[in-house]
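Visitor: I would like to learn how to read a protein model step by step. Could you take me through this one?

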Amino acid sequence: GEGLLELENRMVTAVTCGKVISADSVTVSNPRHKDALQRAEAYLAGATEAHLANLPADFVSIDLTAALTALGEITGDEVSEDLLEAIFSRFCIGK
């Protein structure tokens with residue numbers, strides 16, 4: 001049991017990059033999911049800006065559709081060839 005507390009502290013620091021993470025915060029471990037969430041957030045911000053600027057609904061819907069598509073990449077509702085390639089490039093099949 002010697003050094004376990006220090007090991008635990010170092011592991012927590014390595015995983016959290018020294019940042020304090022509350023139980024209410026969201027942690028995303030998959031870089032592809034993180035990218036999709038960031039894109040969805042940006043599209044939602046664009047939709048909000050378009051709405052506040054009183055732009056036609058078409059402008060708002062374009063960003064909303066893009067946000068849903070980005071989220072669909074995580075849930076599996078949207079699957080492109082690039083996404084399939086990214087997923088299956090990590091698997092070794094046939095060995």
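Visitor: What should I know before I start reading?

Guide: This is a predicted model, in which local features need pLDDT of at least 70 and side-chain atom pairs count only at pLDDT 80 or more, while totals for chains, interfaces and linings use all residues. Residues are numbered from 1 along each chain as its sequence is written, and side-chain values use heavy atoms, with hydrogens and water left out.

Visitor: What is the mean pLDDT of the protein, and where is confidence lowest?

Guide: pLDDT is the predictor's confidence in each residue, from 0 to 100. Where pLDDT is low, the predicted coordinates should not be read in detail. Here the mean is 82, and 78% of the residues reach 70 or more. Confidence is lowest in helix H4 (residues 81–88), with a mean of 66, and highest in helix H2 (residues 31–52), with 92.

Visitor: How many helices and strands does the protein have?

Guide: Helices (H or I, at least four residues) and strands (E, at least two) are DSSP runs, numbered from the N terminus. This protein has four helices and zero strands, so that from the N terminus on its elements run α-α-α-α.

Visitor: How many salt bridges does the structure hold?

Guide: Side chains of opposite charge can pair when their charged atoms come close. The term salt bridge is used for a side-chain nitrogen of Lys or Arg within 4 Å of a carboxyl oxygen of Asp or Glu, and the structure holds three of them. In one, Arg-10 pairs with Glu-6, and their closest N and O atoms are 2.8 Å apart. Both residues lie in helix H1 (residues 4–16), four residues apart, which is about one turn of the helix.

Visitor: Which residues are linked in a network of salt bridges?

Guide: Asp-35, Arg-39 and Glu-73 are linked in such a network. The side chains of Arg-39 and Asp-35 meet at 3.0 Å, N to O, and these two residues are again placed four apart within helix H2, about one turn of the helix. Glu-73 and Arg-39 meet in a salt bridge at 2.6 Å, N to O. This second pair links distant parts of the chain, since Glu-73 is in helix H3 and Arg-39 in helix H2, 34 residues apart.

Visitor: Is Arg-39 buried, partly exposed or exposed?

Guide: Buried means under 20% relative accessible area, exposed over 50%, and partly exposed in between (1.4 Å probe, protein chains only). Arg-39 counts as partly exposed because its relative accessibility is 26%, and Glu-73, at 21%, also counts as partly exposed. Arg-10, by contrast, is exposed, with a relative accessible area of 56%. Of the 95 residues of the protein, 14% count as buried.

Visitor: Which side chain of opposite charge is nearest to Asp-63, and how far away is it?

Guide: For charge, Lys and Arg count as positive and Asp and Glu as negative, while His and the chain ends are not counted. Asp-63, placed in helix H3, is buried yet has no salt bridge, and the nearest side chain of opposite charge, that of Arg-39, is 11 Å away. The side chain of Asp-63 does reach the backbone nitrogen of Ala-47, at 3.4 Å.

Visitor: Which residues form the nonpolar patch on the surface?

Guide: Patches are made of residues with over 30% relative accessible area and no salt bridge, where like charges are joined within 9 Å and nonpolar side chains (Val, Leu, Ile, Met, Phe, Trp, Tyr) within 5 Å. Accessible areas come from the Shrake-Rupley method with a 1.4 Å probe, and for residues only the protein chains shown count as cover. Here Val-26, Val-28, Leu-37, Leu-68, Leu-71 and Ile-74 form a nonpolar patch, with about 500 Å² of accessible area together. The largest share, three residues, comes from H3, whereas Leu-37 lies in helix H2.

Visitor: Where is Asn-54 found, and what is its phi?

Guide: Most residues other than glycine have a negative phi, and most peptide bonds are trans. Asn-54 has a positive phi of about 60° although it is not a glycine. Asn-54 is found in the loop between H2 and H3, and it counts as exposed because its relative accessibility is 69%.

Technical notes
A polar contact is a pair of N or O atoms within 3.5 Å; within protein, one must be able to donate a hydrogen and the other to accept it, and residues adjacent in sequence count only if both atoms are side-chain atoms.
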